Amino acid sequence: MAAKRGRTNYHVDRDILDEASLEELAQKLHSSKKPCLVDRLKHSCRCSLPQLKRRVVGCLPVLYWLPRYSIWDYGMGDLIAGISVGIMQLPQGMAYALLASLPPVFGLYTCLYPVLIYFFFGTSRHISIGPFAVLSIMVGSVVEQLAPDQKFLIMNGTNLTNIVDEAARDSYRVKVAATTTVLGGIIQVVLGLVRFGFVGTYLSEPLVRGYTSAAACHAVVAQLKYIFGLSPRRFNGPLSLVYVLVDICSQLHQIHVPTLVVSSVSLVTLFSAKELNSALAKKLPVPIPVELISIAVATLLSSYTYLNQNYAIGVVGEIPSGLIPPSTPQVSLFHEVIGDAFALAVVGYAISVSLGKTFAIKNGYKVDTNQELVALGLSNITGGFFHCYSVGCSMSRSLVQLTTGGKTQIAGVVSALIVLIAILKLGPLFQELPKAVLSAIVLVNLKGMFKQFYDIITLWKTSKVDLLVWLVTWMFTLLFHLDMGLAASIMFALLTVIFRTQLPKYSVLGQIPGTEIYLDMEKYKEAQEIPGVTIFRSSATVYFANADLYLEALKEKSGINISKMITYKRRQEAKQRRREKRAERRAKREAKRQKAAMKAAEGNTVVFSVEEEVVHWREDDRQDGLTREEQEQDFTMRENGTVFVIPELQREHGSWEYLKGGDPELGMLGSVSELDGDTTTLASSCDDTLSRDLEQISLGSLGKWTWDIHSIILDLSTANFIDTVAIKTMKNIFQDFGEIDVDVYMAGCQATVVEQLETGDFFYDSITKSHLFATVHDAVLYCLRKRGASAASSYDCILDTSCSTKM
C-alpha cells in the first residue's frame, strides 16, 4: 500500500508550479492595493492607549512585574537572596577594584548605583549586576595605560623621585575609569535603541569562554604583585603579559615573606571553605559567607597585630565614610578610550545576556536583548557619573541569588542596601584589611573560569572548528591583551564562518522512489538518479566567496567540462570558416587554371605537379593567418599525394579530376581506369569536405557522454541571499550549458532571492521566470514532460521496478 501511495504522489494531479504561476497566484490572493509609504507612516505614527501602555512598559519593565509582585510568595526568598548577595558583594567589590587598579571603596560604589538603575530597566529577574572580574581587568588595562605611576612621581626640587603621588594618581585613574564607563554605556544605549541587540550573537560561546579563560590568566598575573609583595613594572601593548611575567620572575628573590604568608593562609582557607560550601550546598539553606568572614578576621588580626607597621604588609588604607557627590566625565578622553569602551560594552552585554537567557529559559520567562542593552547602558552611564566603573553580570553572585530563593530584582535592591550600609557605617573598619587577602579572594573566585579549560576536551570530541576558535581566542587575548585580543578573536571567528560557507558540501540529488523527496545519492542508497536530469545542490548560500567554486563543483558533479567543450566547439567553428574561405579561393583559382589549360592544351594530357599545389596551399594558409604548426597540420590533412589530371579523351570538355593517394615519386601516373574509382569531380569533393567538417563540430563529436544529460536543476533552497557575483555566475551557467543544448532550471528559491535576481537583471529573453520552480519535484516534472514521452516513460520504468520490488 505504501508503494502505491508513493506512485500516486509522483503522478500528482496538479499544475507544475514555476515562479510565474506562483506570482499569478499571489496576485489573486492579494489583489488589494498595497499601502503606500505615506499610509505606512501614518499608521506607524498612530498611538492608541494600549500601544502607549505597551511602549512605556517596554521601556520600564518594572511597571509590568512590580504591580503583580506578591510579598507572600516572593518576599522572603528575595530578602534572603538579597542579604546573601550583599554579603558577597562587599568583599568582591573591594577585591575587584584592585583588578581595576582603583581604590577599594570605588568597588563598593559600583555595587550600589548600577544595581538600582537596572532594577527599573532590566528584564532579567535573576542576574546580579555589579563588578565582574573580566570587566575589571579590562578597565584596569585602560586605567594603567593612561595613568601609569611614572606620570605621578613626586618632584624633589628639580629632580624626580621614585615616590608616587598616590592621591593624584588614584584621582586621575577614577576619572579615566568613569569616563570609559560612561562612553561604554552610551554605546550600549545607542545599540539598544537601534535594535542592535543581535551584536552579542557574534560572540559565540567558545569565543566567550576562551576569552574569559584568558582574562582569568591576566587577572592572576595582575594579582601576583599583591600575593608576593612585589612592585613589577607596567607594560602595555602586545606581549605585555609575557613582559610582566619575566619582570616578576626577575624579582622573585625580593619576595616579601610576611605578605606571602598572609596570601598563602588566605588562599588555603578560602579554597577549603569554598569546597565545603559546594559539598554542603544541598543541606545549607544559604551559603556560608566565606569571603566576608575572611575579611573580618583578617581586618581584626591586622588591626591588633599592626601588620602594616610591624611587617610592612600592604593594607587597603583610608576608606572615606559616606557617598561622594557626582561629577561629569572628562569628555576630552573620549577619543583615547573609545576602542576600549566599545569592547567593554560588547563583552559586558554578551556575558550578561547569555547568563540572563539561561536563567530565563530555566524559569519560564523571556529576556529582551535590546532592552538589556539599554538597561546596562543606563546603569553604566549613571554609575560613571557617580565614580563607578563598568558593570556586568557576575556568575557566582547570580547563582547564589537563584539558589537562595531570589525571584525578582527586589533581591538586587536588598543587596544594594547592604552595600549602602557598609559604605555609610562600616567603611573605616576595613582600613587595616591586607590587600593580599583581597587578592586571595579574587584568585579563589576565578576557579570557575579556570574550569573552562575542560572545554578543550569536550570540543575536541564535538567540533574541531569551535575548539580552534576557543584556542585562538585564548592565545590572541593572552598575547595581544584584552582589547586587541577581542577584536582579533571576533575576526577569526567570522573567518571560520566564511571558510565554512566558502567550502560547503556539494551533492547530486536523487529521488526516493514513490515520493517527492530528493536526497544526496552518495549518502542515501535509496535515492535514485533521474535519467537525463542532474539535480545539483550546495549546502551553503552562493555568494562572491564561493561562486567560482560552485561552478567548478557543478562541472565535476555533472561530468561536463563545459569550458573545454565550448572552447573546442568554437575552435572547430573557426576552422570551418577558414576552410570555407580556402575552398572558395581554390574554386576560383582552379576555374581560371582550367580555362587557361583548355586554351594551351593541344593533344597531350596536362599534369600539374604536387609542388605547385603546395605553394598555393601555403599561400592560402598565410592569408588565413595560420601559425607554422597549424600550416603543417593543415598540409598533412590535405593528403600530400594529390595529383590533378585532365583525361585525354575529355580534354575538349575541360572536365577536371583529381586523384587522392598518388605517389609523387612515380614517373608514370597511369590512366583513369586504373584508379579503381577513387576519383571525384571538384564540385563533389568540396561538398564532401564541407559535410565532413560539419560532422566534426557537431555535438556528438564532442563526446558521447554529453548526450546523457539534457537538463540541470539547481536546488537553491539553502540560499537566503544572492549577490551580483553569484548572479553573473548563474547567468554564465545558463548561457554556457545552453550552447551545448543542456537546459538549466532553478528550484526552491526564496522570495528574497527572486527579488534580488530581478534587481540584478538576471531575467531577460532567454532566461525567464519559467526557469524557476517552487520545488525540485516541479522542475523534474517539467524537464521530463519537455523532453518527451521517452524520458518520462524511462522514469516510469524505474518507478514500476521500485514499486514492484517493494510489493
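## Helix H10

Let's start with H10, a helix of 28 residues that spans 40 Å from its first C-alpha to its last, close to the 40 Å expected at 1.5 Å a residue. Keep in mind that what you're looking at is a predicted model. Leucine 193 belongs to H10, and this leucine is exposed, with a relative accessible area of 61%. Just after H10 comes arginine 195, whose phi is positive, at about 60°.

Which residues make up the nonpolar surface patch? They are Ile186, Val190, Leu193, Val194, Phe196, Phe198, Tyr202 and Leu494, and together they cover about 710 Å². H10, which runs over residues 166–193, gives the patch its largest share, with three residues.

## Salt bridges

There are 15 salt bridges by the count used here. As background, side chains of opposite charge can pair when their charged atoms come close.

Is arginine 173 buried or exposed? It counts as buried, at 7% relative accessibility, whereas aspartate 149 is partly exposed at 29%. Both also belong to a network of salt bridges that links Asp149, Arg169, Asp170 and Arg173.

## Two more pairs to look for

Next up is the bridge between arginine 233 and aspartate 247, with the closest N and O atoms 4.0 Å apart. Arginine 233 is in the loop between H11 and helix H12 (240–250), and aspartate 247 is in H12 itself, so the pair connects parts 14 residues apart in sequence. The arginine 233 end is exposed, with a relative accessible area of 54%, but the aspartate 247 end is buried at 8%.

Then there's glutamate 291, whose side chain meets that of lysine 274 in a salt bridge at 2.6 Å, N to O. Here the pair ties two helices together, because glutamate 291 lies in H14 (residues 290–305) and lysine 274 in H13 (residues 257–279), parts that are 17 residues apart in sequence. Glutamate 291 counts as buried, with 4% relative accessibility, and lysine 274 is partly exposed at 22%.

## Proline 206 and its contacts

Now hop over to proline 206, in helix H11 (residues 205–228). It is buried, with a relative accessible area of 14%. What does proline 206 touch, leaving aside its neighbours within four places in sequence? Its contacts are Leu459, Asp466, Val469 and Trp470.

## Threonine 408 in a loop

Last stop: threonine 408, in the loop between helix H18 (395–403) and helix H19 (410–426). Despite its place in a loop, threonine 408 counts as buried, at 6% relative accessibility. If you skip the neighbours within four places in sequence, threonine 408 is in contact with Trp65, Tyr69, Asp78, Arg125 and Gln401.

Terms used
Residues are numbered from 1 along each chain as its sequence is written. This is a predicted model: local features need pLDDT of at least 70, side-chain atom pairs count only at pLDDT 80 or more; totals for chains, interfaces and linings use all residues. Side-chain values use heavy atoms; hydrogens and water are left out. Patches are made of residues with over 30% relative accessible area and no salt bridge: like charges are joined within 9 Å, nonpolar side chains (Val, Leu, Ile, Met, Phe, Trp, Tyr) within 5 Å. Accessible areas come from the Shrake-Rupley method with a 1.4 Å probe; for residues, only the protein chains shown count as cover. Helices (H or I, at least four residues) and strands (E, at least two) are DSSP runs, numbered from the N terminus. Buried means under 20% relative accessible area, exposed over 50%, partly exposed in between (1.4 Å probe, protein chains only). Contact means heavy atoms within 4.5 Å. The expected span of a helix is 1.5 Å times one less than its number of residues.
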